[in-house]
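Work through the exercises below with the structure open. Try each task before you read its solution.

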Amino acid sequence: MNGAVTTHAEQLLRDLAPRVLGSEMRRYRDFAACEDAVQEALIAAAQQWPRDGVPGNPRGWLIQVALRRMVDQVRSDSARRQREHDAALDIGQVVAAASIESRPDEDETLTLLFMCCHPSLTTASAVALTLRAVGGLTTAQIANAFLVPESTMAQRISRAKQTIRASGVPFEAPAARARAERLEAVLHVLYLIFNEGYTASVGGSLQRFDLASEAIRLTRAVRQLMPHDTEVAGLLALMLLTDARRLARSGPAGELIPLPRQDRAKWDREAIAEGVALLTATLAKGRVGPYQLQAAVAAVHDESPRHEDTDWPQIAALYGLLERMGDNPMVTLNRAIAVAMVHGPAAGLAMVDALAAGGRLAGSHRLDAVRGHLLEMAGDREGAVRHLLAAANRTTNTAERTYLLTQAASVREGS
């Protein structure tokens, strides 16, 4: 099998993994066991598909293999887990190839998404579990997103799986009330999945288009369930307005191209138009939330013909409103940039200093990266280089590191 087909198979496996896990969860509800079975099915597919070709019904193939793994596990544990064993003896009702092949290609990813955002879980645990089960992120990537050690995150995810298993809540599409109760966690999950796709926390690629696209797809699905919720629409608008720049964010070698240097002709005008229309409709309803405000910031950038035309006072004001809605250090860091563009780098640096003193972003490369940028604006080349290098040493994304090192060298040389 040639490289292009192999790449297609790998992409297909990433897309199908949460859907197959949802199918397994509907039958067995044991998160850990189902995830293990799906992982074994994915490994089998990765070994066989490049050799034998992708099957006509790849989802059905994966479900069958995962179900066989589950049945084997159930039978091996029959003495201790009689209930699962009895269910496995009636396996003809759940794993018959004909039933899987004839069943419509039902996507249970959205059900899995709401299941992960279980009411008995803390929001942090629900977000972590969904990023693992639905988003396909590694434990290390999730830990990086939460700024906690990997071991801490592994324990959090394990406890979340055990909590859902012990709850007895059936794996089924949630009713309207349950959707409303879990919506905040669901939207936060989708937001983090999109962010990981837009700028990968680790690895050699700046962006993971598969994750960003999946986050947009799932958010569209949530909006179909809840068409009148303004924050769902706001989040979708934010994703569209941000994702519209994806092709301009990296060069031929995958290098990062910052916003001021992007070729705006490469921005997706159709996505921008859809995002602006969504945002305009939600803002008119008068119930404004943080996702709508972030979408408004993205819209100001996207509607500026040139970087020099950006309405920085409006952006600074929008970030000020966001700060009042919640104590988020990343919002303050972004406002520092906008304030610097309006009132000069000294004003932005004062905000960065206050953030650093609070310790909320200790160890984050973004604090040093912003400080380096503002010091460059202020004419302190030596300080700018020092902080840009510190940021490069802290980031775990190769493309970001390369950009920061290149920028530090450029500042040092005065170019």
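The model is predicted. Begin each solution by finding the residues on screen.

**Exercise 1. Val288 and its patch**

Task: Say whether Val288 is buried, partly exposed or exposed, and find which residues form a nonpolar patch with it.

Solution. 
- Step 1: Locate the residue. Val288 sits in the loop that joins helix 14 (269-283) to helix 15 (290-302).
- Step 2: Read its accessibility. The relative value is 38%, so Val288 counts as partly exposed.
- Step 3: Find its partners. Val288 forms a nonpolar surface patch with Leu283 and Met325. Together the three have about 230 Å² of accessible area.

**Exercise 2. The overall picture**

Task: How many helices and strands does the protein have, and what share of its residues count as buried?

Solution. 
- Step 1: Count the elements. The protein has 21 helices and zero strands.
- Step 2: Look at burial. The chain holds 415 residues, and 52% of them count as buried.
- Step 3: The accessible area is about 19100 Å². Carbon and sulfur atoms hold 52% of that area.
- Step 4: Check how contacts span the sequence. Take contacts with a separation of 6 or more: 64% of them join residues 24 or more positions apart.

**Exercise 3. The nonpolar cores**

Task: Find which residues touch the most other members of the largest nonpolar core, and which helix gives the largest share of that core.

Solution. 
- Step 1: Nonpolar side chains tend to be buried together in soluble globular proteins.
- Step 2: The largest nonpolar core has 101 residues. Leu21, Phe31, Leu62, Leu129, Leu190, Val222 and Leu235 touch the most other members.
- Step 3: Trace the main contributor. Helix 11 (residues 176-198) supplies 11 residues, the largest share of this core.
- Step 4: Separate the other core. Another core of 22 residues lies apart from the largest one; its members include Ala336, Val339, Leu355 and Ala369.
- Step 5: Zoom in on one member. Setting aside residues up to four places away in sequence, Leu62 touches Leu13, Leu16, Val20, Ala41, Leu42, Ala45 and Trp49.

**Exercise 4. Gln207 and its neighbours**

Task: Decide whether Gln207 is buried or exposed, and find which side chain makes a polar contact with the side chain of Gln207.

Solution. 
- Step 1: Gln207 lies in the loop between helix 11 and helix 12 (209-225).
- Step 2: Apply the cut-off. Buried means under 20% relative accessible area. Gln207 has 10%, so it counts as buried.
- Step 3: List the contacts. Beyond residues up to four places away in sequence, Gln207 touches Gly197, Tyr198, Arg246, Arg249 and Ser250.
- Step 4: Pick out the polar ones. The side chain of Gln207 makes a polar contact with the side chain of Arg249 at 3.2 Å. A polar atom of the Gln207 side chain also lies 3.2 Å from the backbone oxygen of Arg246.

**Exercise 5. Salt bridges**

Task: How many salt bridges does the structure hold, and which parts does the Arg132 and Glu35 pair tie together?

Solution. 
- Step 1: Take the total. The structure holds 12 salt bridges.
- Step 2: Study one pair. The side chains of Arg132 and Glu35 form a salt bridge, 3.8 Å from N to O. Arg132 belongs to helix 8 (residues 123-133) and Glu35 to helix 2 (residues 31-52), so the pair ties together parts 97 residues apart in sequence.
- Step 3: Arg132 is partly exposed at 23%, whereas Glu35 is buried at 7%.
- Step 4: A network of salt bridges links Glu35, Arg132 and Lys161.
- Step 5: Arg360 and Asp327 meet through their side chains in a salt bridge of 2.8 Å, N to O. Arg360 is in the loop between helix 18 (345-358) and helix 19 (365-378), and Asp327 is in the loop between helix 16 (312-325) and helix 17 (329-343), so this pair ties together parts 33 residues apart in sequence.
- Step 6: Arg360 is partly exposed at 43%, while Asp327 is exposed at 65%.

Technical notes
Residues are numbered from 1 along each chain as its sequence is written. This is a predicted model: local features need pLDDT of at least 70, side-chain atom pairs count only at pLDDT 80 or more; totals for chains, interfaces and linings use all residues. Side-chain values use heavy atoms; hydrogens and water are left out. Patches are made of residues with over 30% relative accessible area and no salt bridge: like charges are joined within 9 Å, nonpolar side chains (Val, Leu, Ile, Met, Phe, Trp, Tyr) within 5 Å. Accessible areas come from the Shrake-Rupley method with a 1.4 Å probe; for residues, only the protein chains shown count as cover. A salt bridge is a side-chain nitrogen of Lys or Arg within 4 Å of a carboxyl oxygen of Asp or Glu. Helices (H or I, at least four residues) and strands (E, at least two) are DSSP runs, numbered from the N terminus. Buried means under 20% relative accessible area, exposed over 50%, partly exposed in between (1.4 Å probe, protein chains only). A nonpolar core is a set of buried Ala, Val, Leu, Ile, Met, Phe, Trp, Tyr and Cys residues joined through side-chain atoms within 4.5 Å. Contact means heavy atoms within 4.5 Å. A polar contact is a pair of N or O atoms within 3.5 Å; within protein, one must be able to donate a hydrogen and the other to accept it, and residues adjacent in sequence count only if both atoms are side-chain atoms.
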